[in-house]
Amino acid sequence: MSFEEGYSSLFGDGNLVRSPDDRSVRLLLDQYSGSGFISSDLYWHGFFSAAIQLPSNYTAGIVVAFYASNGDVFEKTHDELDFEFLGNVKGKPWRMQTNVYGNGSTNRGREERYLLPFDPTKETHRYSILWTDETIIFYIDETPIREVRRRVGGDYPMKPMSLYATIWDASNWATSGGKYKVDYRYSPFVSRFSDLVLLGCRSDPIKLPESEQCDDAMAELISSGIDTITSEKRQAMLRFRQKYMTYSVCYDTMRYPEGLPDCDIVLSEKIKFRDNGHLRITNTRRRYRRRSRIPVTGGYRRQIDM
């Protein structure tokens with residue numbers, strides 16, 4: 001859909017630049033402000049997707065985020081599904097992480113962190129979030145990279161959410177735990193969002209829709225097959241995770257000695273990670289901590305080549 005059909009500016013109006021055909025948006029970060037947009041409606045389950053191109057050159061301290069959340073409505077019990085892209089010093093790659101929060105479980109984050117098998121600054125790649133009553137799937141292009149299933153005792157998102165996209169200064173944590181800050185000599189930092197997709201059941205934030213109200217939207221989603229991980233795609237997901245995942249909360253037994261109910265332990269993955277959830281081959285010593293994403297200033301066609 002066009003920007004006008006589904007979204008509005010969230011902050012940094014002067015740094016949100018819409019294309020003439022209204023089919024793509026550039027979000028800028030400079031020394032004065034970041035920027036972001038939000039969907040016009042909340043959705044009770046759905047498929048949310050965008051083709052994203054990240055800033056190049058020196059990007060330390062920068063975070064670009066594409067996520068669903070209801071934190072503006074449910075401040076203490078909010079739900080959230082994240083793609084977060086973490087900038088780096090010149091010559092070092094962007095890193096990406098996904099996260100899941102349900103019912104205000106920010107003290108029990110579900111982080112996973114990955115390297116990307118391509119340069120996300122050279123061209124756009126599609127990042128997608130599928131959220132149904134039973135399953136959450138994160139996609140890069142046509143490859144599922146993470147699946148979270150609803151389980152008894154888990155923290156599963158259960159309230160309508162809006163979709164957000166932002167770029168902002170996270171110098172205090174984003175790169176090497178805050179060692180490297182945003183260097184505004186390289187600004188403006190530009191991220192591009194195009195091929196925006198909102199497919200789901202529009203909903204009131206408080207009163208959930210009756211099931212029949214969502215039937216058409218969910219039927220369209222199901223008919224696309226995007227809610228099903230075939231055996232071929234499951235193998236692609238396992239290959240991606242074994243090759244590019246650098247941290248998983250599911251293997252962080254120092255943080256969660258009893259484990260988490262919504263984790264599926266894969267032995268071939270587990271043996272690659274230390275007790276703190278980080279890859280054995282890395283030198284990472286810093287424990288990952290939850291932090292605020294509030295800024296200080298206020299299609300689907302290709303398979304990942306692995």
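Which residue is the bridge partner of T98 in β9?

1. Basis of the note. This is a predicted model, in which local features need pLDDT of at least 70 and side-chain atom pairs count only at pLDDT 80 or more, while totals for chains, interfaces and linings use all residues. Residues are numbered from 1 along each chain as its sequence is written, and side-chain values use heavy atoms, with hydrogens and water left out.

2. The bridge partner. In β9, T98 has E112 as its bridge partner. Strand β8 (residues 95-101) and strand β9 (residues 112-115) pair in the antiparallel sense over four bridges. Strands here are DSSP runs of E with at least two residues, helices are runs of H or I with at least four, and both are numbered from the N terminus; two strands pair if DSSP finds at least two bridges between them. M96 stands opposite Y114 in β9.

3. The other neighbour of β8. Strand β7 (residues 80-86) also pairs with β8 in the antiparallel sense, over seven bridges. Here D82 stands opposite N99 of β8. Strands of a sheet pair through backbone hydrogen bonds, either parallel or antiparallel.

4. The whole sheet. Nine strands form an open, antiparallel sheet in the order β1-β4-β13-β6-β7-β8-β9-β15-β16. Its edge strands are β1 (7-11) and β16 (276-278), each of which pairs on one side only. The twist from one strand to the next averages 20 degrees. Helix α3 (residues 231-244) lies across β9 and β15 (245-252), and runs at about 80 degrees to β9. For such angles, axes are lines fitted to C-alpha atoms, for helices over the stretch in contact, and the angles run from 0 to 180 degrees between N-to-C directions.

5. Buried means under 20% relative accessible area, exposed over 50%, and partly exposed in between (1.4 Å probe, protein chains only). R95, Q97, N99 and Y101 point one way from β8, whereas M96, T98 and V100 point the other way. In a regular strand the side chains alternate between the two faces of the sheet.

6. The nonpolar cores. A nonpolar core is a set of buried Ala, Val, Leu, Ile, Met, Phe, Trp, Tyr and Cys residues joined through side-chain atoms within 4.5 Å. The largest has 68 residues, and M96 is one of those that touch the most other members. Leaving aside neighbours within four places in sequence, M96 is in contact (heavy atoms within 4.5 Å) with residues including F83, F85, Y127 and I145. A second, separate core of 10 residues includes I38, V63, A65 and A174.

7. The disulfide. The count comes to one disulfide, defined as a pair of cysteine sulfur atoms within 2.5 Å. C250 and C263 form this link, with their sulfur atoms 2.0 Å apart. The link is left-handed, with -85 degrees about the S-S bond. C250 lies in strand β15 and C263 in the loop between β15 and α4 (267-270), 13 residues apart. C250 is buried at a relative accessible area of 19%, and C263 is buried at 12%.
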